[in-house]
Amino acid sequence: MNPCHICQTETKNSCSNCKQVFYCSAEHQKKDWKEHKKNCHPFKIAVNNELGRHLVATRTIKPFEIVLKETPLFRGPSQLTAPVCLGCLNAIDPQDYKNCEKCGWPLCGDECVYKAEHIYECELTAARGKPANVQEFTNPHPLYQCLSTARCLMLRDKDMERWKKINELESLEDQRRGSMQWKADYESVCKFILKFFNTKLFSEDEIMRIIGILQINGHEVPTSDPPHVALFYKASFLEHSCTPNLAKSFNKDGNLILWAPKEIKKGSHLSICYSDAVWSTGDRQRHLMQTKIFKCQCPRCLDVTEYGTNYCALKCEKDSCRGLMLPASLNDWHKEWTCMECKSQVDKVYVNNILERAGSDINAMEKTKENCLKYLQHYGKWLPGNHYYMCEVKLYLVQQLGKQVNELMVLSAEELNMKLEYGKELVELYEKLAPCEVRMLGTLCFEVHSAIAENTRRISLQTSLSPKELLEESLLYVEKAVGYLQYESDIFVEGHILKQAKINRDALKMVMRM
Ligand SMILES: C[S@@+](CC[C@H](N)C(=O)[O-])C[C@H]1O[C@@H](n2cnc3c(N)ncnc32)[C@H](O)[C@@H]1O
């Protein structure tokens, strides 16, 4: 029993969405709804020593349910960017832009001059008495490195409520202080702000704290081109996992949508991936340590085989052995690797040589069908089929084969089969390893569906029958594609795939009813 939020009468009845606030009657619940809905979510904030604040589900969350939809608390240009319009945050067209009359920063045009967020750096720049002078538009521009920090600092005197919330977020000041990144930020952002804006408004500590908050909590938002950075208040309490349980989508206004691709049980921690779930363990861990200052101990990082997928393994160096080599234990990625079959060992130099060559060859390679096939054949000597580099190349192949309109119809039987087999293989692998990489999974499922549909068409031309199992399989993959992409906006290519997937799904259902 708990007290009713309105009248304190003891009651068992809680809000069915968040399970955290109690009401003795429907009437009292209705009375409180306007206030309560702002904080009514199926999670609560918890704290422990290892994670700090984190979010825990207060009830079981159903597949595809939206767990949190949030508008940005703050948005601004990325730290490393070519000049962008400070109104809409899209790239400046060097042939068609306008300098703000008050501060000199380039903007797209009149419609962007009065966008609310620009007033912050506009005022700060106008106060220095000399307009900003941006002439070069194609490369990352040093002036822009300091802009988000400066814009955010201005909230202190302009928007107390937002400033207070931003300052509640983690800055990891002590862990960051003195690191290489901290020193670089001190020179290129902190000292630069004080000098460029010729201001004494902010202390060095205040500036370094805001830099930390932006680094630890910032999200890259792809709704502008190039993407911009934004802070979201409640989403900032989410912990990281390399196999998270929440997917992240953005609507066209840059609002964040966090949703559950699979059921999440009551009491589970909610997580997103701060890094890239398709990267190798070494790369993810390095990235997390450099940018978010912690060593990931998620179940995937604590299992060298990554749930038996052997995503980072190498083939045994001995031709006579079919085993796979991995570090002997978790913290030994940088020591010897051992074959799990014959127990022979190789040193890190051997491992690095293979990985460095395989990595630089992918980067340098033009991603044509022929090159991808050559790569798979060549590196198949050292890398197993599930290796992350092999998967990257298979992903290119699946997308390349039948990319143009009607090209699918002229693929050879062998090519069509390759698209199908690699596509299915990748869906199975990434559903295990990266179930929240929904854009990649949705696109892959759509490719597999298209390949099965084409196969079905070829078979039915020969037999005048459409094999039922193939139609069912094609429907299964197109339904998966719709599920994974359902929150994608039509400003993204994935939003267009979603539209087509829905059309194909409905058409398939009709054919199957006939
Ligand atoms: C965006 S904040 C998350 C909220 C933060 N715990 C707080 O109290 O505000 C990111 C920071 O939380 C901590 N953190 C998040 N996920 C973690 C994890 N899986 N393991 C260890 N620390 C984690 C790290 O310090 C990380 O830099």
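Modeller: The answers below take up the ligand shell, a sheet, helix packing and some backbone details. Please keep in mind that this is a predicted model.

Biologist: Let us start with the ligand. Which residues come nearest to the ligand?

Modeller: There are 18 residues around the ligand, and those that come nearest are Gly52, Arg53, Glu170, Glu239 and Lys292.

Biologist: How many bridges link strand 6 and strand 10?

Modeller: Three bridges link strand 6 to strand 10 (residues 228-231), in the antiparallel sense. In one of the bridges between these strands, phenylalanine 74 has leucine 231 of strand 10 as its partner.

Biologist: What about the loop between strand 9 and strand 10; which proline is found there?

Modeller: Proline 226 is found in that loop. The peptide bond that joins aspartate 225 to proline 226 is cis, with omega at about 5 degrees. As a general point, most peptide bonds are trans, and most residues other than glycine have a negative phi.

Biologist: Staying with phi, what is the value for leucine 89?

Modeller: The phi of leucine 89 is near 70 degrees, which is positive in a residue other than glycine. Leucine 89 sits in the loop between strand 6 and strand 7 (98-99).

Biologist: Is leucine 89 buried or exposed?

Modeller: Leucine 89 counts as buried because 27 C-beta neighbours lie inside 10 Å, where the cut-off for buried is 20 or more.

Biologist: And what is the phi of tyrosine 307?

Modeller: Tyrosine 307, although not a glycine, has a positive phi of about 60 degrees. Tyrosine 307 belongs to the loop between helix 10 and strand 15 (314-315). Tyrosine 307 has 13 C-beta neighbours inside 10 Å and therefore counts as partly exposed.

Biologist: Where does methionine 289 lie?

Modeller: Methionine 289 is part of helix 10 (residues 281-292). Methionine 289 is exposed because 12 other C-beta atoms lie within 10 Å, and a residue with 12 or fewer is classed as exposed.

Biologist: How many residues separate methionine 289 and isoleucine 166 in sequence?

Modeller: They are 123 residues apart in sequence, and 23 Å apart in space from C-alpha to C-alpha.

Biologist: Finally, helix packing. At what angle do helix 11 and helix 13 pack?

Modeller: Helix 11 (residues 348-364) and helix 13 (residues 388-400) pack at about 15 degrees, and their axes are 10 Å apart. These two helices are therefore roughly parallel, as the angle is under 35 degrees. Their crossing is left-handed.

Biologist: And how do helix 15 and helix 17 cross?

Modeller: The axes of helix 15 (residues 438-463) and helix 17 (residues 493-513) cross at roughly 40 degrees and come within 11 Å. Helix 15 is therefore oblique to helix 17, and the crossing of these helices is left-handed.

Notes
Residues are numbered from 1 along each chain as its sequence is written. This is a predicted model: local features need pLDDT of at least 70, side-chain atom pairs count only at pLDDT 80 or more; totals for chains, interfaces and linings use all residues. Helices (H or I, at least four residues) and strands (E, at least two) are DSSP runs, numbered from the N terminus. Two strands pair if DSSP finds at least two bridges between them. A residue is near a molecule or strand if its C-beta atom, placed from the backbone, lies within 6 Å of it. Axes are lines fitted to C-alpha atoms, for helices over the stretch in contact, and angles run from 0 to 180 degrees between N-to-C directions. Angles under 35 degrees count as roughly parallel, over 145 as roughly antiparallel, 65 to 115 as roughly perpendicular and the rest as oblique. A crossing is left-handed if the near helix is turned anticlockwise from the far one by less than a right angle, and right-handed if clockwise.
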